[in-house]
Each structure stands twice: as C-alpha cells, then as structure tokens.
Amino acid sequence: MFQRVGKAVVRHPVWTIVAWLIAAVAIVATAPSLPSNSDESSFLPKSYESIRASDIQHKAFPSAFTPSAIALYQRADGGKLTADDERDVARITTELGQKHIDQVQKVVPGPPSKDGKYTMTLVQMDKKTAGQPVQADAAKVLRDDVGQLTKGTHLQVKLGGPAAQALDAQDASKAGNALIGLGTFAIILVSLLVIFRAPILAVLPLILIALVSAVAKGLIAYATKLFGLQANDSVSSILIVVLFGVGTDYFLFLMFRYRERLRAGDEPKQAVINAVARVGEAVASAAGAVGVAFLALSLSTLGSLKQMGPALAIAVTATLVAALTLIPAVVSLIGPKVFWPSKSWQHEPRGASFAALGRGVQRRPALTAAASGLVLVVLAIGALGFKANFDLASGSMPKTKESMVVQDELKTAYSAGAAAPTDVYLSSTDGKPLDKSAFAAYADKLGAVDGVASARVSQLNKDGTTADFTVTLKYEAATDKAIAAVDRVRDVAHSDAPAGTEAVVGGLSSIYKDIDTAVDHDYRTVFPVAAVLIMIILGLLLRSVVAPWYLIASVGLGFGATLGATVWVFQGLRGHSGLMFLIPVIVYLFVVAIGTDYNILMIARLREEAREGRTPREAAGVALRHTGPTVAAAGFILAATFATMMLAGNALLKEMGFAVSFGIAIAAFVMAMFFTPSLTALIGHAAWWPGHADRALPEAGSEAPADETPDGPVRTPSKLHN
C-alpha cells in the first residue's frame, strides 16, 4: 500500500503540493476561533460534589457575593493604614463601582487584615462567564482603573483573584508560546544543519510543518466547536512542540531512508518511492500509536484532558498525512540537491560509531539488556515519592506576576484558608424549612474537624430550606493538607447532617479534591486503554503476540524512570511541594506514545534485516547500525523541542518540558537503541510468534517482482553495505 502511495505522490508532486495549499487556505480562512476557559470547576463533570455544591449556591443564593477580583491595598512605606488611607480606599471602591465596567456586577469593600497593614476591594463578575476571556479583559480594565484612582494617595494597589489570574496566565501563555516557538525553530534548524550540513534540509521541515500546523489548528478549532469541547492555554503550548517535534521525527525517518536508498544505487525518484514503501508502515504505526494514546484521553473525566486528546490526535494525523504525501512530493521535486552542498550523503561513513554499537549489542545482548534495564529500574524508584500539586493558577505563570504576588500577600496578611473558604450547603430533603436550632451544634461539629480553623452559619436562603456554613481551613486551598482536611469535612458534613437534610461541600479545596479523584479515575482508565490500543497496533505491525508485551513493558519502565527523575529533580533538588497533578498523565501519554515511535522504527528495521536471512543477533546489530542515527537524531531534536517548554517560566510547563524531554531521551537512547534490540535478539524467533514475520522473503523474481513485495523492493546485503 505504502509503495502505491509513494508512486502516486512522486508521479504527481505538483498536484499534491497544490492540494495541500488549497486545503490550508480553505481551512485557515473558515475555521472558527478556538475558545478558552480557565475556570477549573468547568473541567469537572456535574456529578462531582463540588459542582453540585456550586449549582446549589447559584439556585439558593443567586445574589451571593463571590469575588472574581480582589484589589489589595497597602501603604507605600509598609506601615499601618491610617484613617486617611481608609477614606481613600472607600472612595476608590465607590468610584470603581460607578464606572460600570463590562462583566462587573458589584464592587464592595473587603475586611482589613489583622495587623492593619492591608485592606481590600472585592469585585464580583457575572458567574455565567467565569473563566472565560471576557473576564480577563474586565480584569485588565479594572487593573488600569484602580491604578489610576490610587494615584495621589499613599497607597499601593495590586489586583488579584481568579479574573486577574486568568489575565496574567493569558499574558504568560503568549510570552511562553513565543519563546517556545522561537526555541523550537532554532533547535530544529541548528540540529538539522549539524546532522546533514545542508541548508535546504534544515529549512524545509520548518516550512512544511508550519503549513501542516495551520491546517491542524484549523481542524482542531472545528472539532472543538462541533463537539462542544473545553479549551485552555496549555493546549497551544503543547501543540507547538507536538507538531514540530513529531513532524521533524517523521521527516527524519523518511530522509534517512531516502539517503540510504540513494547510497544503495536507487534512481532519485525511485529512492523516494522506496523510502515511503520501507518507512511508511513504521511511520503510520507510530502515528497510530501516538494518535490512539491521545484519543484515550477522551475517556478522561477532566474537561481539559478531554479536549487535549482529540486536539493532539488531529495534529498527529495531519502530520502523518503530510509525511506520506507532502514531504515526499517536495523531496521528489528537489531530488538529491536537497543535500546540497554536502557530499557526505553519497557514501556511508566507514567505522561509524553506530556500527560499533550494533556490533556490541550483537555480541553481548544479555549484558546490554541487563545494563539498560537496570538504568530504567533505578530511575523508576523515584516515582514512589510522587506528590500532586493542584494549584493550576500558580503553576501556569511565574510567581512574579501581579496576581501571584497578591495571592502570596493574602496568605501572609490573612489566614491561609481565608482567601478561599470552604462552603457546606445544608438543604432540606422534604422542602420544609430547616430547624435553625440545630445549626449551632452542626457548626461546632464542622469546626472540630482536624484542619479547620473556624465554622459558622453565614447565610440562609429566603425559603429557609438551604443554609450556607462557611468553613475556614488552616491551610492554603491547593495544598495536600487542605485537600485532606476537606475530605474530613465531607465525612462529618454527610454523617452528622440533621435528620431530613442533605449536605454537600463546595469551595476551591473541594474542587481540588474532586480533581484528585478524577485524576485517579483517569489513571485507572486512560492508562490501560492507551496501553491496550498501542499493543494492538504493535501486534498488527509485527504480526506477533509476543513482541508487543515486552515492548509495552519496556515503555512502561521508561514511564517510571521519567516520573522518578522528575520527582528527584523538582521535589528533591528544586524543593517543590509536589508536581502538577497532570504530569503523570502527560508523561505517560507522551513517553508511551511518542517513545513507542522509536521502538517501532527499530524493531521494524530489525524485522526487515531478519527477513533478509540474518540471525536474530545479526539483525539486531545491523538494525542498530542503520536505524541508530535516525533514532538518535530524531530523539535529540524531539527531546530538545519539548525542553523549550521550560522557557515559558511557569511550573507546569517547566515540569512538563523536563519530564517529556527526559522521557523521550530515555525512549530513544536507552529503550530503542539498547533495551529493545538486545531483548529481541535474546528472545530470537520466538519474539515473532505465532507469525513468521522475521522469516526471509522469497528471492526477487521467484514469486513477485522486487517492487511488488509487501514492504517494497528487496535489496541484497552486499548492496546495502557498499
């Protein structure tokens, strides 16, 4: 099939390129804008308790004040606020409310701090648009206006709260994306120049993948609108590196094989056809593994991951189609001049390092497998110390951003849990008014829970059927201690609710608790489903039920090693209280899916060499000799492009960038290059059971012409090694 695709593209390269250009223009011109949402609760299903609590709040207390923004005041000299300062704050609060800023519904004064050095203005916005870009826009206006109103006073003011955090995260994301994009371009350009010493080859993938990126983003916007998916800023950052990283991978897979076919004596256009025929199945299988792993995210209970999965799967699919059509078409038009001015493509270097590595694996497969496996196991031990951090707001931007400074100052000036109190909503189950005499005892029981600073009845709805108990925790909302405390609050709230009532617990810590539960569900669901789907693809590619087991086991070891190294670096060396809760899911999918690319490429080449009559050990040695440079180049570039995410300056992308780049390096330089070929050499023919995928193919001409065999033309070993 892939040979037919190669022939069709090489025969009609101009039409193939024109078709891509027309599709790109049409999709980009008509695609809707990609929506964005930063409200963490919007990513949870409505069945979760924190979301049910939010619904009760909206119905029972529609006018309840929930601040979307907080203006925090202090004196410029750091002293206690004077009576004049307090009058200035009251005036600013009043004038701010009179401006009728879009989305702003209410502006009220907030409580002063216990030490008298801080006070607040609280701003409530439309709850229906919580987390949406319009509230970030409103925060920008608020920040400018409150700054202007404070001029001429002795006060300093900073704007924080959810809307301000969304604004700062938006700005940080734009700056981060620019750095990631520039870093990715620079790494790919310099790396390809070093590898091929050919400027055309260095620039070509950047141009082609930029075209594919435009098409993919348009298709993602269509899918997001069609299926009503959520979106957030992190998807854009990940898309950049996925499109350019994976796209460069597939470009390298084809170009290394194209160069090899030219060295073997193929005519240039036939070399393109043979490259597509030989690598096409491996590339398609690799893309399939990545795609199904990403699609497995659709089973996630978190809306952010649900949207990310299909988006990344669309991006990989578009990249695959380009790798099999657009790239071969362009290369067939340029021909060997694509390697200009270098002449090294004409002859394989003698005594190359990968040939020596191949001989080492061939001679000592057991030692190689044991040593590489030990490296993975030792690193994986660190994963046992993993702790989760649920504060996406602070994880999505640098600590120097204004809203983050406000968050830190609120913790110092007020109690740690005061900025985000927990609410227990006690509702009558029979529609009758609640017994108010039971409120005090119920509040005392809530206040006695370990980790609770105080609990009180704050409001009762007009029908008297729902009461709001405000519970202030001793800890910051996103900490492990706060999440454990809110779990205990739930137990007491449910078990000690008066007869004829039902209690639900809401608030930010409750949302984080539900996110923790949702992530645990995703670990149990997404991980095994992705693994099974990848194993099916491996089984279809290799016609074996044995090889997929040890291949997926090796990638699982790579996942453990990656997570362990990330824990040691960030929780150990950097002193983070925990890793962002999304890290294990992201690492699993990228390391298992993209890391499998290199395993697929290596074992497909190993099978190809075995089909030419080589023993399992010889096949492993030759496969490493010829595929090692491809895996090394692709692995280095992909790892380096993911590492650019660390330039974004926020905890989430720093941790994600390190983890994925380290995992890909492990997948390329440990698993694919040593562990997989040495293990396959040790297992021998049994690795291909029950099929005979490694058996020698019929000699060319005995049953079918060379160019009609399932995997393309059969070359002789002598021709390969010239």
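## A chat about a predicted chain

Author: The protein chain has 23 helices and 10 strands. Helices (H or I, at least four residues) and strands (E, at least two) are DSSP runs, numbered from the N terminus. This is a predicted model: local features need pLDDT of at least 70, side-chain atom pairs count only at pLDDT 80 or more, and totals for chains, interfaces and linings use all residues. Residues are numbered from 1 along each chain as its sequence is written, and side-chain values use heavy atoms, with hydrogens and water left out.

Reader: What share of the 722 residues counts as buried?

Author: The share is 57%. Buried means under 20% relative accessible area, exposed over 50%, and partly exposed in between (1.4 Å probe, protein chains only).

Reader: And how many residues are in the largest nonpolar core?

Author: That core has 169 residues. Tyr250, Tyr258, Phe590, Tyr598 and Phe642 have the most contacts inside it. A nonpolar core is a set of buried Ala, Val, Leu, Ile, Met, Phe, Trp, Tyr and Cys residues joined through side-chain atoms within 4.5 Å.

Reader: Which helix gives the most to this core?

Author: Helix α20 (residues 583-611) does, with 19 residues. Apart from this core lies another, of 25 residues, among them Leu96 and Val104.

Reader: What is Phe590 in contact with, leaving aside neighbours within four places in sequence?

Author: Phe590 is in contact with Ile238, Val242, Phe294, Leu312, Gly595, Phe642 and Val660. Contact means heavy atoms within 4.5 Å.

Reader: Switching to strands. Is β6 mostly covered or uncovered?

Author: Strand β6 (residues 422-428) is mostly covered, with seven of its seven residues buried. Thr422, Val424, Leu426 and Ser428 are on one side. Asp423, Tyr425 and Ser427 are on the other.

Reader: Which strands does β6 pair with?

Author: Six bridges join β6 to strand β8 (residues 466-473), and the two run antiparallel. β6 also pairs with strand β9 (residues 501-506) in the antiparallel sense, over six bridges. Two strands pair if DSSP finds at least two bridges between them.

Reader: Which residues are the partners there, for Asp423 and Val424?

Author: In β8, the bridge partner of Asp423 is Thr470. Val424 stands opposite Val505 in β9.

Reader: What about Arg490, buried or exposed?

Author: Arg490 is buried, with a relative accessible area of 8%. Arg490 is found in helix α17 (residues 480-495). Leaving aside neighbours within four places in sequence, Arg490 is in contact with residues including Val505, Glu49 and Asp514.

Reader: And where is Ala518?

Author: Ala518 is in helix α18 (residues 508-542). Ala518 counts as buried because its relative accessible area is 0%.

Reader: How far apart are Ala518 and Leu44?

Author: They are 474 residues apart in sequence, and 7.9 Å apart in space, C-alpha to C-alpha. Leu44 is one of the residues in contact with Ala518.

Reader: Which helix gives the largest share of the patch?

Author: Helix α2 (residues 13-30) does, with four residues. Ile22 is found in α2. Ile22 is exposed, with a relative accessible area of 54%.
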